[in-house]
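Dear colleague,

Please find the structure below, handed over for your attention.

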Amino acid sequence: MNIEEILMRNRFRRCDFSRVRNTISLKKIIEERNLHGKLGLIAEYKRRSPSGFNTDEDIHSYLSYVRSHRISGLSILSEPLYFSGSFDDVILAHRLNIPVLVKDFTPDEDFVVQAYNAGGDAVLAILDFLDLSTVERIVKRALDLGMDVIEEYHRSDALKRFIPGENVILGLNRRDLNSLNIEDISTRIDYDVQILESGINITNVARIPRTYNGYLIGTSILRRDGTLEYLERNGLI
């Protein structure tokens with residue numbers, strides 16, 4: 001996966017759709033769940049990924065499944081080249097009135113506008129691949145539009161580019177997007193809302209630290225491995 005290529009391509013992508021509802025804050029939904037002693041859960045839909053995952057599941061079927069569970073938000077992979085996603089998936093998902101993260105490689109503040117047009121409530125800013133000024137512009141544009149930003153990192157040195165804010169969630173991705181390997185890391189800093197991403201499944205969910213405000217889970221939910229049901233059955237979400 002060539003991340004520089006993705007970032008370059010994303011600078012030219014456009015979405016001319018006009019969203020049909022106001023934004024819903026993913027961060028506030030997670031905070032509300034936390035007040036009731038629960039974790040926030042973001043359920044992710046993707047058709048494939050460079051790590052080897054593939055599914056034939058239709059997005060309509062997936063949305064029907066997850067909306068019957070106690071999820072806090074949806075993460076929709078919109079990157080077309082490596083993940084077979086599109087803004088059309090975001091448009092569809094945003095009609096459910098559940099916060100939608102446009103899961104993509106946000107290159108600049110203009111992409112935030114395209115994500116907003118598609119119906120997104122939050123965008124992803126990957127600190128490992130962006131400079132500080134770009135992160136600042138993304139956060140500001142998102143705030144102006146009433147959107148949240150998940151500032152994601154894998155390497156701890158990327159936290160030097162972390163910009164806190166009222167609309168910012170900090171996400172630790174356990175997957176190294178260069179090697180695509182999952183690493184058993186659980187860094188946590190002093191910040192109000194932090195989530196853990198990648199590699200959470202039925203074989204390890206009982207051991208995943210509860211020190212986070214929420215989880216973002218994709219593959220295991222798409223595979224129906226029981227992770228979602230485990231979290232509900234044990235009163236975690």
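**Salt bridges**

The count comes to 14 salt bridges, a salt bridge being a side-chain nitrogen of Lys or Arg within 4 Å of a carboxyl oxygen of Asp or Glu. Please note that this is a predicted model, in which local features need pLDDT of at least 70 and side-chain atom pairs count only at pLDDT 80 or more, while totals for chains, interfaces and linings use all residues. Residues are numbered from 1 along each chain as its sequence is written, and side-chain values use heavy atoms, with hydrogens and water left out.

One of these salt bridges joins Glu 44 to Lys 103, with the closest N and O atoms 2.6 Å apart. Because Glu 44 belongs to strand S1 (residues 40-45) and Lys 103 to strand S3 (residues 100-103), the pair ties together parts that are 59 residues apart in sequence. Helices (H or I, at least four residues) and strands (E, at least two) are DSSP runs, numbered from the N terminus. Both Glu 44 and Lys 103 are buried; buried means under 20% relative accessible area, exposed over 50%, and partly exposed in between (1.4 Å probe, protein chains only).

A salt bridge also links the side chains of Arg 141 and Asp 110, at 4.0 Å from N to O. Arg 141 lies in helix H7 (residues 132-144) and Asp 110 in helix H6 (residues 109-118), so this pair connects parts that are 31 residues apart in sequence. Arg 141 is partly exposed, with a relative accessible area of 28%, and Asp 110 is partly exposed at 38%.

Arg 155 and Asp 157 form a further salt bridge, their closest N and O atoms being 3.2 Å apart. Arg 155 counts as partly exposed at 33% relative accessibility, as does Asp 157 at 37%.

**The largest pocket**

The largest pocket has a volume of about 530 Å³. A pocket is an open set of points on a 1 Å grid over the protein atoms alone, where a 1.4 Å probe fits, with protein on both sides within 12 Å along at least five of seven lines; lining residues have an atom within 4 Å of a point. The volume is the space filled by probe spheres set on the points.

Of the 32 lining residues, Glu 44, Lys 46, Arg 175, Ser 198 and Thr 219 are the closest to the centre of the pocket. Strand S4 (122-126), strand S8 (214-217) and helix H8 (219-222) are the elements that give two or more residues to the lining.
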